[in-house]
Amino acid sequence: MSDQPAPLLRLEALTKRFGSETAVESVSLDLAANAFFCLLGPSGCGKSTLLRLIAGFETPSAGAILLGDQDLTALPPHRRPVNMMFQSYALFPHMSVAKNVAYGLKGLGLGRAATAGRVEALLRLVCLDGFGSRAPATLSGGQRQRVALARALAREPRVLLLDEPMAALDRSLREETQSELRALQRRLSATFVVVTHDPAEAMTLADRIGVMDRGRLVQVGPPAELYRRPASRFVAGLLGDVNLIPGTLGADEPGPHRSVETALGPLRAAAPDAARAPGAAMVVAVRPESLVLGDAGLPGTLAEETFLGDRIRRIVRLADGTRVRATAAPGEGTHAVGDAVRVHFAPDAATILPA
């Protein structure tokens with residue numbers, strides 16, 4: 001018997017079709033209590049539709065949504081112990097901050113004093129003490145977001161859904177708010193599900209990330225696992241800059257590594273898909289920070305070097321014409337543009353993926 005706790009939220013083969021178009025296709029997912037989970041993917045991949053299905057704003061074409069032992073699939077939004085914060089924040093401009101937050105308490109039968117106390121506690125939670133009488137129009141983007149968050153938390157939902165919560169914020173405010181949101185989730189011990197198209201945001205916020213592509217959930221795991229061991233070229237490229245060196249898979253080998261025969265010789269790397277047969281077209285995926293310029297490895301020429309403040313970006317043109325990117329700390333290495341160089345990487349720092 002497994003000693004793993006039962007999931008708080010379970011999606012079972014969830015599917016949503018709009019006419020002949022499939023927006024979400026057979027998505028299955030388990031989320032633990034107190035998780036911070038990010039749905040990551042490009043525009044149109046189905047991540048916001050999936051969030052709306054969980055919230056009850058869309059009806060599944062097939063599949064089920066379970067929260068603990070409760071089947072939510074056919075329940076309307078107001079009967080689900082989940083809440084959703086929209087990308088636009090959807091604040092009422094004619095209401096004060098306090099009244100906007102109190103709106104989230106409607107229908108609970110609280111008296112005036114209890115409502116006022118709860119609103120005050122919620123504003124304190126999101127660091128907006130003393131802002132209750134202000135109008136939303138007088139607030140900054142980050143402050144409006146926190147009002148919307150307080151309203152979404154008013155009913156103490158078991159799962160809070162956030163659709164692109166940082167999209168309206170500038171870069172510096174976005175980074176500050178990410179830290180605040182993560183700290184708030186830990187303080188509440190609540191389950192947050194956030195939709196984002198920003199890989200850096202997903203990796204900053206999440207315990208686990210689910211990557212979506214054309215309606216399917218293609219990989220789920222902790223940020224470091226997805227970054228270091230992507231399951232496909234799509235995931236590898238979505239999570240950051242990556243070099244893809246083409247070749248064919250070598251003979252089966254014991255252990256976690258296999259060889260790929262390239263135009264410049266064999267390369268060894270981690271092989272998560274051990275079922276692939278020798279001769280299959282593959283690529284070796286290696287991040288720029290894992291490529292090292294030195295006296296061994298693939299021959300090439302240092303074609304470009306760019307100073308980026310905290311790092312140096314180098315482009316090496318390999319002997320077969322392939323261009324690869326490497327990054328290093330300023331002052332690391334003594335090579336100059338035009339020098340003959342060699343690049344190498346540790347087998348564990350690269351992954352073999354289908355071409």
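## Close-up views of a predicted model

View 1. Helices are DSSP runs of H or I with at least four residues, strands are runs of E with at least two, and both are numbered from the N terminus. The model is predicted, so local features need pLDDT of at least 70 and side-chain atom pairs count only at pLDDT 80 or more, while totals for chains, interfaces and linings use all residues. Residues are numbered from 1 along each chain as its sequence is written, and side-chain values use heavy atoms, leaving out hydrogens and water.

View 2. Thr115, Val119, Leu122 and Leu123 are the buried residues of α3. They sit on the same side of the helix because they cover an arc of only 95° around its axis, an arc taken from the directions from the helix axis to the C-beta atoms. Ala113 and Glu120 are exposed on the face turned away from that buried side. Buried means under 20% relative accessible area and exposed over 50%, with partly exposed in between (1.4 Å probe, protein chains only). The cover over the buried residues includes α2 (97-103) and α4.

**View 3. Arg134 sits in the loop between α3 (112-125) and α4 (141-153).** Arg134 counts as partly exposed because its relative accessibility is 31%. Its side chain makes a polar contact with the side chain of Thr138 at 3.1 Å. A polar contact is a pair of N or O atoms within 3.5 Å; within protein, one must be able to donate a hydrogen and the other to accept it, and residues adjacent in sequence count only if both atoms are side-chain atoms. Beyond neighbours within four places in sequence, Arg134 is in contact (heavy atoms within 4.5 Å) with Ser96, Val97 and Leu139.

**View 4. An open sheet of six strands runs in the order β6-β7-β8-β3-β9-β10, with mixed pairing.** The edges are β6 (82-85) and β10, each with a single partner strand, so one side of each is left without a neighbour in the sheet. Two strands pair if DSSP finds at least two bridges between them. Strands β7 (159-163) and β8 (191-196) are parallel over five bridges, and Leu161 stands opposite Val193 in β8. Helix α4 lies across β6 and β7, at about 165° to β6. For such angles, axes are lines fitted to C-alpha atoms, for helices over the stretch in contact, and values run from 0 to 180 degrees between N-to-C directions.

**View 5. Strands β9 (208-213) and β10 (216-221) pair in the antiparallel sense over five bridges.** Asp213 has Arg216 in β10 as its bridge partner. Two residues lie between the strands of this hairpin, where Arg214 takes a positive phi near 50°.

**View 6. Four strands form an open antiparallel sheet in the order β2-β1-β4-β5.** Strand β4 (62-67) pairs with β5 over two bridges, and Leu66 stands opposite Asp71 in β5. Helix α1 (47-55) lies across β1 (9-18), β2 and β4, at about 115° to β1.
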